[in-house]
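Biologist: I'm new to reading protein models. Could we go through this one together, question by question?

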Amino acid sequence: MIEIKPHPIGRCRIRVPGSKSYTHRTLIAAALADGTSTVRDPLRSQDTLLTLAALEKLGATVDDRESHIVIQGLGGRFKPCADPIYLANSGTSMRLLAGVAALGKGVYTLTGTPRMYHRPIGHLLEALNGLGIAARALENAGCPPVEIPGGQASGGSVAINCSVSSQFLSALLLMAPCTRDGMTITVSHGPVSRPYVDMTVDILARFGIQVQRDGYTRFDVPGAQTYRAGDYTVEPDASQAGYFWGAAAITGGSVTVGGVSTASSQGDVGLAQVFERMGCQVVHAADGITVTGGRLRAITVDMADMPDMVPTLAVVAAFAEGTTVIKNVSHLKAKESDRLTATCNELKKMGIAAVADADSLRVTGGRPRGAEIDTYDDHRMAMSFAMAGLVVPGVRIADPGCVEKSFPDFWQVWEQLRAE
């Protein structure tokens, strides 16, 4: 348990770690590349280290140095691994690796925590089956653990349902260049979280992979391509920036997050614009984005492309005038926790009216009171509700260590708000 002490914020400058999403994708691409790659400024968190360890089990040679990671790629073909590959509750690791594992030899078993066994992956398995790959779920229908056979990925045409997660599409895109025939991928539903698809395509381009696309509905990836080994730098994580921008919004302070810009493919950069609509001042500069708090007012906003930022926005909305309506977020139920229900539960503990239905969340601003916040083993719940404690006495965060999943140094960086 950790208690957040209220304190004012003046003008602060914060640096957040490398993007979790970019780190996962860069590590996988480097492991598939044709030589030695250097990955600079990667995020070292529970999730990304699980991906890195899995790639080692799949045969990649890894030299993890403090400032960077050196990976000897396998030229598009993973080695056999008889032992189960444990991925805890990292949905990104599970879904992306379930796709690229089909490029290997033998049969791979991907396992995780009990919560992972309730996180859907069925649409990806169906797409793999449609490509002639006999991938299957071993227990709960459509959920991990999964078994992925290698040696069956020749490519072809396939449709993918991305109404639950865009990661299913990203998995196919990452494996497609290394298949013999390439892939024509048609998106039948969705995709939700579209910026994450852009990140995947961006990584493919950086590694020299050709992709032709028609928006988010069709992707043509020629086969027999080679990921180009090289020197790659991971940009700062826009998702983590959101907590510090939210702190500024709630307190009326001013926080600059360095290295983050609107030129990024990370959709969560857009949270700054959401806060601007709510009454904050936002300044974009070459060296970062600054949010300065103002009188907050409720808005109606579609967050389908920024689902990870919904708990952050919901906590800020608790301090705004009126009822904020957050739309198109049904896929939040399949995250590390059921984030719609979890966010509602904890806001209600603080005396805030919050209602979730199948696809939206409504938060009516008021006068939040202190409470013990359950985090549901979900890093984003802990970091989001920490913001409230900057203003409200008595906010206590249970299981603060859950931030290890994406931002191990979060509490130390959070203290910089007090120091400045």
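Biologist: Which residues of helix α4 (residues 122-130) are buried?

Modeller: First, the ground rules: this is a predicted model, where local features need pLDDT of at least 70, side-chain atom pairs count only at pLDDT 80 or more, and totals for chains, interfaces and linings use all residues. Residues are numbered from 1 along each chain as its sequence is written, and side-chain values use heavy atoms, leaving out hydrogens and water. Helices (H or I, at least four residues) and strands (E, at least two) are DSSP runs numbered from the N terminus, and buried means under 20% relative accessible area, exposed over 50%, partly exposed in between (1.4 Å probe, protein chains only). For α4, the buried ones are Gly 122, Leu 124, Leu 125, Ala 127 and Leu 128.

Biologist: Is helix α5 (residues 167-175) roughly parallel or roughly perpendicular to α6?

Modeller: Axes are lines fitted to C-alpha atoms, for helices over the stretch in contact, and angles run from 0 to 180 degrees between N-to-C directions. Angles under 35 degrees count as roughly parallel, over 145 as roughly antiparallel, 65 to 115 as roughly perpendicular and the rest as oblique. α5 and helix α6 (residues 194-206) pack at about 10°, with axes 9 Å apart. Therefore α5 and α6 are roughly parallel.

Biologist: How many nonpolar residues are in the contact of α5 with α6?

Modeller: From α5 come Leu 169, Ser 170, Leu 173 and Leu 174, and from α6 come Tyr 196, Val 197, Thr 200, Val 201 and Leu 204. Ala, Val, Leu, Ile, Met, Phe, Trp, Tyr, Cys and Pro count as nonpolar, Asp, Glu, Lys and Arg as charged, and the others, Gly among them, as polar. With two polar and no charged residues, the nonpolar count is seven.

Biologist: And what do we call the way α3 sits against α5?

Modeller: Helix α3 (residues 91-100) and α5 pack at an angle of about 40°, their axes 8 Å apart. That angle makes α3, relative to α5, oblique.

Biologist: Where is the cis peptide bond to Pro 191, and what is its omega?

Modeller: Most peptide bonds are trans. Pro 191 lies in the loop between β11 (183-189) and α6. The bond from Gly 190 to Pro 191 is cis, with omega near 5°.

Biologist: Is Asp 377 buried or exposed?

Modeller: Asp 377 is in the loop between β22 (372-373) and α11 (379-388). Its phi is near 55°, a positive value in a residue other than glycine. With 51% relative accessibility, Asp 377 counts as exposed.

Notes:
Contact = heavy atoms within 4.5 Å.
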